[in-house]
Amino acid sequence: MVKERVLAVPDTSIFIAELPEATRNIIRKDLEEHAREHHYRLEWDLENKDYMAMGQRFYDIEGIYMGTYLHFCKEGEDVEAYERSLKRNISIKLYQDEVEKLCMKSGVVGLSISELFENFVADLICGTHTNGSDERMYIEQWFERCYFSIMPEKTFLSYLLEMQEVDSVLECWKILQELKGLDEPDSYDKEELEIQQNTLEEYFQEYRTYTREPAEDQLEAAMEKVLEWNKEREHLLEGTVPEKSLGR
């Protein structure tokens with residue numbers, strides 16, 4: 001979740017359904033993000049065609065904002081703040097002549113450089129503002145033909161991403177480190193530590209078994225890459241750009 005959220009909520013005892021539509025949309029997105037981060041499924045209200053939580057009072061769901069500074073404002077003032085919270089700045093390195101050519105390329109079609117990149121990325125990841133199926137097809141062909149996609153290393157990270165298990169492994173690793181850091185673990189802690197360690201090793205063994213020519217044979221070294229990747233992801237999702245930049 002974001003560190004700060006501005007919402008047009010006049011009173012926490014108000015029913016969410018009574019809030020402005022724009023505010024309800026923000027809360028709905030926050031509910032979805034909280035569910036993803038904490039690995040649970042939101043209950044659906046068939047009658048109202050919305051999440052059950054959206055039919056409650058605001059203070060009933062206020063727990064999702066634990067760790068988030070809440071600022072209440074007037075109706076409409078939260079929209080701009082929400083849009084601003086979605087923006088992420090990613091830096092890249094280009095030579096001066098490349099920047100000039102990029103300015104010319106974007107200027108020909110009346111776009112800013114950032115708008116040009118936004119269109120490119122939207123097609124690459126099939127984002128909300130994609131230009132169409134043909135654009136997505138051609139950009140995927142570009143992606144597959146680039147050097148980084150031709151015979152890439154089969155790392156533990158790439159395996160976890162393909163299997164959509166990276167968050168499960170990261171959660172397992174987090175619990176494991178917390179248990180290892182206990183000064184006086186009891187019998188339950190020791191048992192749980194063994195379970196988490198075995199689970200992590202099973203993930204790694206599956207990677208080694210089902211990946212043709214796996215690039216890694218040591219779990220600890222493989223996890224370093226997973227943690228480094230996740231560190232950059234968390235920085236970007238939080239809107240705090242790390243020192244690392246994309247470049248040559």
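Two residues are taken to be in contact when heavy atoms lie within 4.5 Å. The structure is a predicted model, in which local features need pLDDT of at least 70 and side-chain atom pairs count only at pLDDT 80 or more, while totals for chains, interfaces and linings use all residues. Residues are numbered from 1 along each chain as its sequence is written, and side-chain values use heavy atoms, with hydrogens and water left out.

Helices (H or I, at least four residues) and strands (E, at least two) are DSSP runs, numbered from the N terminus. Helix α5 covers residues 113–124. Its twelve residues reach 17 Å from the first C-alpha to the last, close to the 16 Å expected at 1.5 Å a residue; the expected span is 1.5 Å times one less than the number of residues. Asp123 belongs to α5. With a relative accessible area of 8%, Asp123 is buried, a term that stands for under 20% relative accessible area, against over 50% for exposed and partly exposed in between (1.4 Å probe, protein chains only). When residues up to four places away in sequence are not counted, Asp123 touches Thr130, Asn131, Gly132, Glu135, Arg136 and Ile139. Between Asp123 and Ile64, 59 residues apart in sequence, the C-alpha to C-alpha separation is 32 Å. Cys126, which follows α5, has a positive phi near 55°.

Helix α6 spans residues 133–145 and includes Glu144. Glu144 is partly exposed, at a relative accessible area of 47%, and is in contact with Ser149 and Ile150 once neighbours within four places in sequence are left aside. Met151 lies in the loop between α6 and α7 and counts as exposed at 75% relative accessibility. The phi of Met151 is positive, near 50°. Most residues other than glycine have a negative phi. Another positive value in a residue other than glycine is found at His39, with phi near 55°; His39 is placed in the loop between α1 (21–38) and β2 (44–45).

The loop between β1 (4–7) and α1 holds Ala8, which counts as buried at 4% relative accessibility. Apart from neighbours within four places in sequence, the contacts of Ala8 are Leu19, Pro20, Thr23, Cys73, Lys74, Glu75, Gly76 and Asp78. Ala8 and Glu43 are 35 residues apart in sequence, and their C-alpha atoms are 24 Å apart in space.

Helices α8, α9 and α10 were examined together. In α8, 15 residues reach 21 Å from the first C-alpha to the last, close to the 21 Å expected at 1.5 Å a residue. The buried residues of this helix are Val166, Val169, Leu170, Cys172, Trp173, Leu176 and Leu179, and what covers them includes α7, α9 and α10. Helix α9 (residues 187–210) has 24 residues and a reach of 34 Å between its first and last C-alpha, close to the 34 Å expected at 1.5 Å a residue. Buried positions in α9 are Asp189, Glu192, Gln196, Gln197, Leu200, Tyr203, Phe204 and Tyr207. An α-helix has 3.6 residues a turn, so residues three or four places apart point the same way. The buried residues of α9 pack against α7 (156–163), α8 (166–180) and α10 (219–238).

Leu219 lies in α10 and counts as buried at 12% relative accessibility. Residues up to four places away in sequence not being counted, Leu219 touches Phe156, Gln197, Leu200, Glu201 and Phe204.

A pocket is an open set of points, on a 1 Å grid over the protein atoms alone, where a 1.4 Å probe fits, with protein on both sides within 12 Å along at least five of seven lines; lining residues have an atom within 4 Å of a point. The lining consists of Phe148, Pro152, Glu153, Lys154, Thr155, Leu157, Ser158, Leu161, Glu162 and Trp229. Helix α7 gives the most to this lining, with four residues. By class, five lining residues are nonpolar, two polar and three charged, where Ala, Val, Leu, Ile, Met, Phe, Trp, Tyr, Cys and Pro count as nonpolar, Asp, Glu, Lys and Arg as charged, and the others, Gly among them, as polar.
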